[in-house]
Amino acid sequence: MTRSIAVALLAACLAVTGASAQQPAPRGSSGPTQIQSGEECPPGTTEIRPRLCQAPELPPPSILDYRPRSTLVTAEHPVPRAKYPAIDFHGHPRGSWLESGDSLARLGAALDGINVRVMVVANDMSGDPVRRSVAAIRASGAMKDRVRILAGIDFRNVGPGWAEKAIAQLEADVAAGAVGVGEIGKELGLSIRKADGTRLRIDDPALDPVWAACARLKLPVFIHTADPEEFWQPIDYHNERWLELALFPRRRYPPEQFPSFEELMTERDNMLRRNPKTTFVIAHMGWHANDLPRLAKLLDMPNVYTEVGAVLYDIGRQPRAAHDFFVRYQDRILFGKDSFQPEEYPYYWRVFETRDDYFDYYRPYHAFWKLYGIDLPDTVLKKVYYQNALRITPGLPQSGWP
């Protein structure tokens, strides 16, 4: 997409949602504005006293340009390497890193720098890519016990005979060395169609034989459903993800084109309940890291686990609630990162291992707020970093851990 087209699309989105109408009030035009209890200040003004709003005398900066220097003086404890060796259950290294001994050695050096002992590659691969990757890993010497592969499932054209073919391919991928299934992408539920042209629901009974096969083969199923709920909301100035959606307008899901967030969550939960013998790992904390009571109900199902990839911004802004949640569900949470950027992992270690206050998140367009350490006990850190993944994934290297 060219930049001009993207700008035009964004302008159209803002026009539709009304965001473009929220013009700042003229500076100093009429002094403070009185509002009623429960009302919002007019656009371009802020509340300076109870129910009294005023526009600034200087031109306000944009959300992109306002980068205040913090004056807070507090202890800082950067954590470049995890306290205990970690398993990244949500690994997405570049495909070229899995092709040769030299490229795997470069991956290993990057993992050593952050104390990730094992990366589980969740690239949704199947067939020849699985066989080639596993062969390169096994031939690589030092890396043969440091990388494992998840197998993908092709959900296109679900209909008569589909399940038998999918299970046969899955069994072949396991024989080649795959240790689990995933990452099953968000397209399941959002956009994949069945052979008859209808949307493939996440809880479609036609998928149950595959989930049963995963239980029989003792394979955890790593599944990504939907995206942050705000992606379904209007792109207006109340949307917490405004900047991300303004940067990437295609991440929004217009209701006339996609099933709703709640519809997808209902389908996912139906599928989890209907397959109690299958172990499911819900990616991104189910997009409920901002609603831990809701995530707790999900984890109360005995076959459900979750991982923390790409939602650190929600964990780190509620340090007391997050600490208590991780302690309560310490047997159900796995470490995972998603995008493989080694310089970003230390933010996770710092949130999990320290009591630090008010430090930056690594990707400002996800979160304009700061993070806080949740100070997990060592027993919990070990479970999150590696013990839980080892317990539910027999194909991971089981020896040599602290």
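**Exercise 1. Count the helices and strands, then decide how the chain's radius of gyration compares with the globule rule.**

Step 1. In this predicted model, 13 helices and 12 strands make up the count for the chain.

Step 2. The globule rule gives 21 Å for 402 residues, and the radius of gyration is 23 Å, close to that value, so the chain is as compact as a globular protein of that length.

Step 3. Along the principal axes, the C-alpha atoms occupy a box of roughly 75 × 55 × 40 Å.

**Exercise 2. Find what percentage of the residues is buried, and what share of contacts joins residues at least 24 apart.**

Step 1. A residue counts as buried under 20% relative accessible area; 50% of the 402 residues qualify.

Step 2. Take the contacts between residues at least 6 apart in sequence: 73% of them join residues at least 24 apart.

**Exercise 3. Describe the largest nonpolar core and the surroundings of Phe326.**

Step 1. The core holds 121 residues. Phe326, Trp349, Phe352 and Tyr385 have the most contacts inside it.

Step 2. Helix H13 (residues 378–392) supplies the largest share, eight residues.

Step 3. Leaving out residues up to four places away in sequence, Phe326 touches Met285, Val308, Ile315, Ile333, Phe352, Ile374, Leu376, Val380 and Val384.

Step 4. In soluble globular proteins, nonpolar side chains tend to be buried together.

**Exercise 4. Characterise the second largest pocket by volume and lining.**

Step 1. Sorted by type, the lining has nine charged, eight nonpolar and four polar residues.

Notes: Residues are numbered from 1 along each chain as its sequence is written. This is a predicted model: local features need pLDDT of at least 70, side-chain atom pairs count only at pLDDT 80 or more; totals for chains, interfaces and linings use all residues. Side-chain values use heavy atoms; hydrogens and water are left out. A nonpolar core is a set of buried Ala, Val, Leu, Ile, Met, Phe, Trp, Tyr and Cys residues joined through side-chain atoms within 4.5 Å. Buried means under 20% relative accessible area, exposed over 50%, partly exposed in between (1.4 Å probe, protein chains only). Helices (H or I, at least four residues) and strands (E, at least two) are DSSP runs, numbered from the N terminus. Contact means heavy atoms within 4.5 Å. On a 1 Å grid over the protein atoms alone, a cavity is a set of points where a 1.4 Å probe fits but cannot get out, and a pocket is an open set with protein on both sides within 12 Å along at least five of seven lines; lining residues have an atom within 4 Å of a point. Grid points are joined across faces, edges and corners, and a volume is the space filled by probe spheres set on the points. Ala, Val, Leu, Ile, Met, Phe, Trp, Tyr, Cys and Pro count as nonpolar, Asp, Glu, Lys and Arg as charged, and the others, Gly among them, as polar. The radius of gyration is taken over C-alpha atoms; the globule rule is 2.2 Å times the number of residues to the power 0.38.
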